[in-house]
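Open the model in your viewer and keep the selection tool at hand. This tour tells you what to pick next and what you will find there.

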Amino acid sequence: MLKTTRETPLLKTLRKYGASIGEFAGWITAMDYGNPLEEHIATRNSVTVFDVSHMGRYLIRGDNLFEFFQKLVTKDLSKFKEGRMSGPVLLLNEDARIIDDIMLYYLSDTEWLAVVNAPNIEKDRAWILKWAKKWGYNITVEDITLSTTLIAIQGPHAPEILESLGVNEAKNLSILEFLRNPSVLGEEAILISRSGWTGEEVRSYGYEIMTTVKNGERVFEAAVEAGAKPAGLIARDSLRLEMGYPLIGVDIGNNTNPIEARYWMALSLKKEGFLGEEALRRIYEEGVRRFRVAFKLKKGVRRIPRHGNSILINNRIVGRVTSGAYSPTLGRSIGMGYIEATHLYIGFKVAVDIRGKSYEAKILDFPLI
Amino acid sequence: MSAEDILVKTKLGEYIIKRGLLYTESDEWIKVQNNIVTLGITDYAQKKLKYIVNVELPEPGTTVNAGESIVTLESVKSVADAYSPCSGEVLEVNEELYDTPDLINKDPYGAGWLVKIKPTEPVDKGRFLSPEAYAEKIRKKEG
């Protein structure tokens with residue numbers, strides 16, 4: 001398969017602030033700005049600004065969007081209305097395996113917006129169009145990823161940054177609410193929402209600004225000047241891990257179903273008539289063999305658990321690590337993985353094998369902080 | 001960076017290559033002085049690894065073989081090994097790295113050195129890359 005790499009439209013701006021550049025899901029973007037642990041802490045205690053333009057963005061237009069998406073995604077959208085986001089919602093295949101977790105934005109009755117994960121930009125678009133065709137909906141999907149930017153401002157001091165960007169009215173948005181076409185630094189942006197994927201969107205404040213490339217450059221710079229610390233994808237990863245948010249292709253994907261992943265916030269089992277429903281109900285009834293859990297290591301252990309490491313009880317493998325990181329908030333290594341349903345010892349101890357050495361770990365529920 | 005150092009610029013970053021050192025295919029640098037070999041990782045290597053949070057060093061006095069993994073570096077992103085450039089005995093390790101492993105990020109050719117080795121035989125400098133050859137290798141790799 002041809003491998004293409006794309007650059008975030010803000011790359012030049014990020015470089016000005018000392019971004020350490022790397023590749024994520026085929027995108028060249030900022031991994032950190034010198035010290036990702038400090039960026040993590042600043043998000044929890046102060047405020048940071050992330051370029052998340054690598055996330056896919058589509059404008060979806062059609063006459064029966066509500067009806068179509070109600071059939072396509074897991075979550076019940078019957079209360080979804082203009083000016084609100086819904087998500088994460090899951091795209092499932094017929095076997096109830098996870099295609100992607102995405103965010104939906106209700107712009108108008110005939111126009112919605114979707115933010116999808118970077119590795120799935122082409123796949124999700126094809127998936128939406130395939131089912132629209134199959135079910136007879138006249139729907140168009142316009143990919144606006146490369147012509148727009150998405151900037152996340154996250155942390156307890158985020159409202160002050162909004163003030164300096166001249167969008168005071170956005171400070172009072174409730175979670176998953178957005179303003180359409182707000183004036184940001186005197187220019188019309190696409191939207192500003194109360195959202196994020198760091199945990200601060202629920203713990204304190206998190207906002208995301210979707211705008212043009214030109215305005216995005218100005219927004220990023222103005223946010224830094226107003227005191228937001230630039231932060232990269234490494235901090236974003238440790239932040240979401242502390243919250244227990246799964247990452248597509250790593251913690252969830254086409255080998256997992258949402259029940260074993262315990263992705264409850266993306267499910268509504270009361271809802272009827274969606275893709276993958278039959279398989280999902282069967283799984284729900286029959287039960288699963290493993291569950292996604294969080295765990296933490298003891299303080300002082302310097303090694304970080306990595307994808308694929310074994311989770312053991314008396315030398316018997318009972319699970320696998322899917323993600324790990326050093327948590328600056330807890331001052332120790334943490335992780336996420338799947339453990340056999342028969343050994344779901346939440347609050348109790350297991351071992352994690354990291355590069356041939358066994359470390360005591362405590363199995364926990366999400367979030368870790 | 002001093003004036004005579006080489007700066008390699010690619011689409012992914014800028015990397016300093018110091019003159020007066022020798023380089024390996026596995027992105028380490030060595031300095032041979034008074035028949036003692038100092039080993040570290042290059043600016044390119046630390047920039048690829050990203051922020052380093054954990055370093056595992058050998059015990060001084062350990063006998064090591066050329067090509068053997070003697071140091072494990074763990075960053076927020078991944079894990080990498082540094083290999084012994086020669087056979088010999090570990091004389092000294094950089095203990096500062098236990099508390100401040102990010103010295104490797106801040107000063108890979110200076111305060112971020114890893115180990116000092118007393119080689120069994122005089123080091124064959126021809127087995128290593130010159131600064132120019134190492135710069136060329138990175139340019140080729142990253143375009």
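The stops below run from one whole chain to a single residue.

**Before you start**

This is a predicted model: local features need pLDDT of at least 70, side-chain atom pairs count only at pLDDT 80 or more, and totals for chains, interfaces and linings use all residues. Residues are numbered from 1 along each chain as its sequence is written, while chains are lettered from A and ligands numbered from 1 in the order in which they are written.

**Stop 1: chain B as a whole**

Select chain B. It holds four helices and eleven strands. Helices (H or I, at least four residues) and strands (E, at least two) are DSSP runs, numbered from the N terminus. The radius of gyration of chain B, taken over C-alpha atoms, is 14 Å. Along the principal axes, the C-alpha atoms of chain B fill a box of roughly 40 × 35 × 25 Å.

How much of chain B is buried? Buried residues make up 41% of its 143 residues. A residue is buried if 20 or more other C-beta atoms lie within 10 Å of its own, exposed if 12 or fewer, and partly exposed in between; C-beta atoms are placed from the backbone.

**Stop 2: the sheet of chain B**

Show chain B as a cartoon. Look for an open sheet of six strands, in the order 3-4-5-11-10-7, with antiparallel pairing. Two strands pair if DSSP finds at least two bridges between them. The edges are strand 3 (22–23) and strand 7 (63–64) of chain B, and each pairs on one side only.

Now pick strand 5 (residues 36–41) and strand 11 (residues 115–119) of chain B. Three bridges join them in the antiparallel sense. Click Leu39(B): its bridge partner in strand 11 of chain B is Val115(B).

**Stop 3: where the chains meet**

Show both chains. Ten residues from chain B and 13 residues from chain A form the contact. Two residues are in contact if their C-beta atoms, placed from the backbone, lie within 7 Å.

**Stop 4: the domains of chain A**

Colour chain A by domain: domain 1 (6–54 + 146–241), domain 2 (57–143) and domain 3 (289–364). These bounds come from an automatic or database domain assignment. The C-alpha centres of domain 1 and domain 3 of chain A lie 31 Å apart. Their contact takes seven residues from domain 1 of chain A and eight residues from domain 3 of chain A. Which helix gives the most to the domain 1 side? Helix 2 of chain A does, with four residues.

**Stop 5: a hairpin in chain A**

Select strand 6 (residues 85–92) of chain A. Seven of its eight residues are buried, so strand 6 of chain A is largely enclosed by the rest of the structure. Leu92(A) stands opposite Ile98(A). Five residues lie between the strands of this hairpin, where Ala96(A) takes a positive phi near 65 degrees.

**Stop 6: one glycine**

Finish at Gly34(A), in the loop between strand 3 (27–32) and helix 2 of chain A. Gly34(A) counts as partly exposed, with 17 C-beta neighbours inside 10 Å. Leaving aside neighbours within four places in sequence, Gly34(A) is in contact with Gly18(A) and Ser20(A).

Note on methods: The radius of gyration is taken over C-alpha atoms; the globule rule is 2.2 Å times the number of residues to the power 0.38.
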